[in-house]
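Student: I have a structure open and want to learn how to read its features. Can we start with charged side chains?

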Amino acid sequence: MKGEAIKSEDVRSIMQRTTKKGTLAGLKHTELSAVLNSMEAQISLAVPAGVNPKRVIQMAANLVAKNPKIAECSAASVLGAVMEAAILGFRPVAGLGQCYFVPYGGAVQFQIGYRGWIELARRSGKVKTLYAHCVHEGDTFEYELGLEPKLKHVPGKGGKMTHVYAVAHYTDGGFNFVVLSRDEVEALRTRNPAQRGAPSGAWATDYEEMAKAKAIKRLSKYMPLSDEAAKAMAIDEAFIPESGAISQDGSGLDVDAVEWEVVAENPEGDAE
């Protein structure tokens, strides 16, 4: 079937094999594309204007083909992660930093990256600029809170990351910022059961980018965000269960059906 269009009867055969073993492991690239193409109708209904569902499917197939650990996760969870990426208008390419598919415990965890949070904030129309930076040993870094908050960062020659901060400037002239120490970033990282030990996945390859994402997510609690972004906060770092929790109306994942860790020590009851 390589290099050829896969016929509908072949797709049914592939889906039967996938359903039987429960994962996408062992499928060729063309077969992965065929399985994901079976969702094209749902994806087409849900993607934002200007997003090509076929392109999303192609990129997702490439991602799964290059990462056997993702393919070994439940097929339903992989399909659910692809659907969520499509609905948010994200391109499922790890190098772009918009979102990540993280294999853990036989299922895929959907994580929003630094650039994904920036994209969601931009869509609100109320955020003029949004950025995050990491602070390193040797940098000049000062900040003040209170009635006249201030933040000053002059990069030095580099070194170990000590802090990360995110700043939002709004179209009405206001601004907000948050600062997290490295210890606070680590506390947020290890709340995730997939990150209880040493950094893995995107945290292992792009630690500072993921730290920036944490800072922006913390800042987003104080930002004017759309309903789409609010839902994204609920889905971020969710474990998509065996059922896939895919809504039947084409709206994506059922946020009541996905699973994520409830952090009891968080006084506001918010998942990070």
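Tutor: Start with the rule. A salt bridge is a side-chain nitrogen of Lys or Arg within 4 Å of a carboxyl oxygen of Asp or Glu. Side chains of opposite charge can pair when their charged atoms come close. Keep in mind that this model is predicted.

Student: How many salt bridges does the rule give?

Tutor: The count is 5 salt bridges. Take glutamate 119 and arginine 123: their side chains meet in one, at 3.0 Å from N to O.

Student: Where do glutamate 119 and arginine 123 lie?

Tutor: Both are in helix 7, 4 residues apart. That spacing is about one turn of the helix. Arginine 123 is partly exposed, because its relative accessibility of 28% falls between the 20% and 50% cut-offs.

Student: Which side chain meets arginine 122 in a salt bridge?

Tutor: Glutamate 119 again, with 2.6 Å from N to O. Arginine 122 and glutamate 119 are 3 residues apart in helix 7, so about one helical turn separates them.

Student: What about a pair that links distant parts of the chain?

Tutor: Look at glutamate 209 and arginine 115. Their side chains form a salt bridge of 3.0 Å, N to O. Glutamate 209 sits in helix 10 and arginine 115 in helix 7, 94 residues apart.

Student: Is glutamate 209 buried or exposed?

Tutor: Glutamate 209 is buried, because its relative accessible area is 18% and the cut-off for buried is under 20%. Arginine 115 is partly exposed, at 42%. There is a network too: salt bridges link Arg115, Glu209 and Lys212.

Student: Which element gives the most to the lining of the largest pocket?

Tutor: Strand 1, with 6 residues. Then check the classes: this lining has 11 nonpolar, 4 polar and 3 charged residues.

Student: How much space lies in the second largest pocket?

Tutor: About 190 Å³. Strand 7 and helix 10 each give two or more residues to its lining. The largest share, 5 residues, comes from strand 7. Among the lining residues are Tyr143, Phe177, Arg218 and Tyr222.

Student: What classes make up the lining of the second largest pocket?

Tutor: It divides into 8 nonpolar, 1 polar and 1 charged.

Methods. Residues are numbered from 1 along each chain as its sequence is written. This is a predicted model: local features need pLDDT of at least 70, side-chain atom pairs count only at pLDDT 80 or more; totals for chains, interfaces and linings use all residues. Side-chain values use heavy atoms; hydrogens and water are left out. Ala, Val, Leu, Ile, Met, Phe, Trp, Tyr, Cys and Pro count as nonpolar, Asp, Glu, Lys and Arg as charged, and the others, Gly among them, as polar. On a 1 Å grid over the protein atoms alone, a cavity is a set of points where a 1.4 Å probe fits but cannot get out, and a pocket is an open set with protein on both sides within 12 Å along at least five of seven lines; lining residues have an atom within 4 Å of a point. Grid points are joined across faces, edges and corners, and a volume is the space filled by probe spheres set on the points. Buried means under 20% relative accessible area, exposed over 50%, partly exposed in between (1.4 Å probe, protein chains only).
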